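Colleague: Please take a close look at the aromatic pairs in this model. I would like the geometry and the cut-offs behind each term.

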Amino acid sequence: MIELLTETAIQEPQRIRGLEMPWNRVMGGTEVPARAAHALGPWHPQEFMAECVETVPEAGGMMTFVFRRSDGAPLAFRAGQYVNIAFPVNGGDQDPVDRSYSLSSSPTQPWTFNITVKCDPTGLVSPWVHENVKPGTVLEMLGPVGAFHLPDADRRARYLLLAAGAGITPIMSMVRTIHSLPGHADVVVLYHGSDAGGFGFHRELAYIASVDSRVKVFYSLGDRSKPEDWEGLSGRLTATMLNEVAPDANGRQVYACGPEGYLNTATELLKKVGVDDTSIYMEFFSGDRQTLLEYQAEVALAVDIAEEIAEEIADSAAGYYESQPTAFGLYEPGYDDEGTLKAAGLPLETVEPDAPFPGGSPHVGPQAGSPDASSFDTVGTGNLTLSFMRTGINVRIDPAEHILGVAQRAGVRIGANCKEGMCGSCKVVKLSGEVEMNHQGGIRAREIEAGKFLPCCSTARTDLVIDA
């Protein structure tokens, strides 16, 4: 006879106070860390190749793709960050299409990493990814990038995590990370979905909530009809709902990810329940919110760290770095006297292969037979001139002005989405002149070497000739 298992009273684990990421003491310590500690610290983004090793279907039309770096190194990142991936959707002989996807795995398991992609049948990239990316597929990546992430150390560790639809992916990385770490924490997850069977990761979330008393998970079906056996919440996000799941929301750090309308609503409602702006973190790509300021601070910190450890790395691990992909241009480490090593994979794009750049400079002149910019109409005021060769117009600009806004106001058609140097959608070729670019992962080193730049986050240092 099989005895039925019955629940018995189980005491809560004894825990240390707060949460601390595994690399935190390496970053703040005075002792010289071992090489493994360097490898696992999220120092700066890199360009690298990664191989898909597994695909996992998820609810809600999503698919998780498990990758490992082709060079065998771990991917060090912070829970909530994303990677920018080049997808050859138009074939190997065409430029790849870049898309950014949040990491859904935990950085405490860095030897493989996951992205989770929701298929949009009307989209260009996601249907291709679902159909073509399989175990053995190798893709070019840049990362980790992003300021939307858990802190490296938090003595209180009280969080409210809000997700809608595919916005669960970076939130899932946070939940997995917290579950894997020791320490006191108090986590409330509120997850909005469109139908009862469309909540991604719902089985794993249920498991974590059942074995980890630090994590509570709530679901809401929004304003859609609900099945008779539905036991979760109903309706769109409201202040009443926030008070129901987290009556102490004003004492928590809030991380939210989802469609723009959902995030705008969440921002207003969080203010109504007393949450201060400084405690709200959102994955906005076009906004004026704290996310951008936090990211800039993170970049500055990463640059300082990279400079401090560069000499030690060069002395102790020169052979190791010979095989590593190039660092993201913003964090140029200079391990090699002859310049930064190039990432393996797709060849560098060239503008004029018959006229090599002197000293590696990406400066090129207008192509033969191109129109004479001196014949163009000139608009605007400023000390410098932007000559747009395709549009046939000269635009005057001040050195402090971002190029994209000035160009668009003058009628130059340049596509743009985030306007913060993240998405790369405004990428154009600079035929001559110098710019100062402060981007956030939207362009690769090989593209910069080929003369491309992002006008949304660039200012002119000299007169420019632009292929737009």
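Modeller: The structure holds 11 aromatic pairs. Rings of Phe, Tyr and Trp (its six-membered ring) pair if their centres lie within 6.5 Å; planes under 30 degrees apart count as stacked, over 60 as edge-to-face and the rest as tilted. One of the pairs is Y191 with F199, which is edge-to-face, at 4.9 Å centre to centre and 90° between the planes. This is a predicted model, in which local features need pLDDT of at least 70 and side-chain atom pairs count only at pLDDT 80 or more, while totals for chains, interfaces and linings use all residues. Residues are numbered from 1 along each chain as its sequence is written, and side-chain values use heavy atoms, with hydrogens and water left out.

Y191 counts as buried, at 0% relative accessibility. F199 is buried too, with a relative accessible area of 2%. Buried means under 20% relative accessible area, exposed over 50%, partly exposed in between (1.4 Å probe, protein chains only).

Y191 also pairs with Y219. That pair is tilted: 6.0 Å centre to centre, 40° between the planes. Y191 lies in strand β10 (residues 186-192) and Y219 in strand β11 (residues 215-220), so the pair ties together parts that are 28 residues apart in sequence. Strands are DSSP runs (E, at least two residues), numbered from the N terminus. Both Y191 and Y219 are buried.

Elsewhere, ring pairs link F148, Y159, Y255 and Y281 into a cluster.

Note on methods:
Helices (H or I, at least four residues) and strands (E, at least two) are DSSP runs, numbered from the N terminus.
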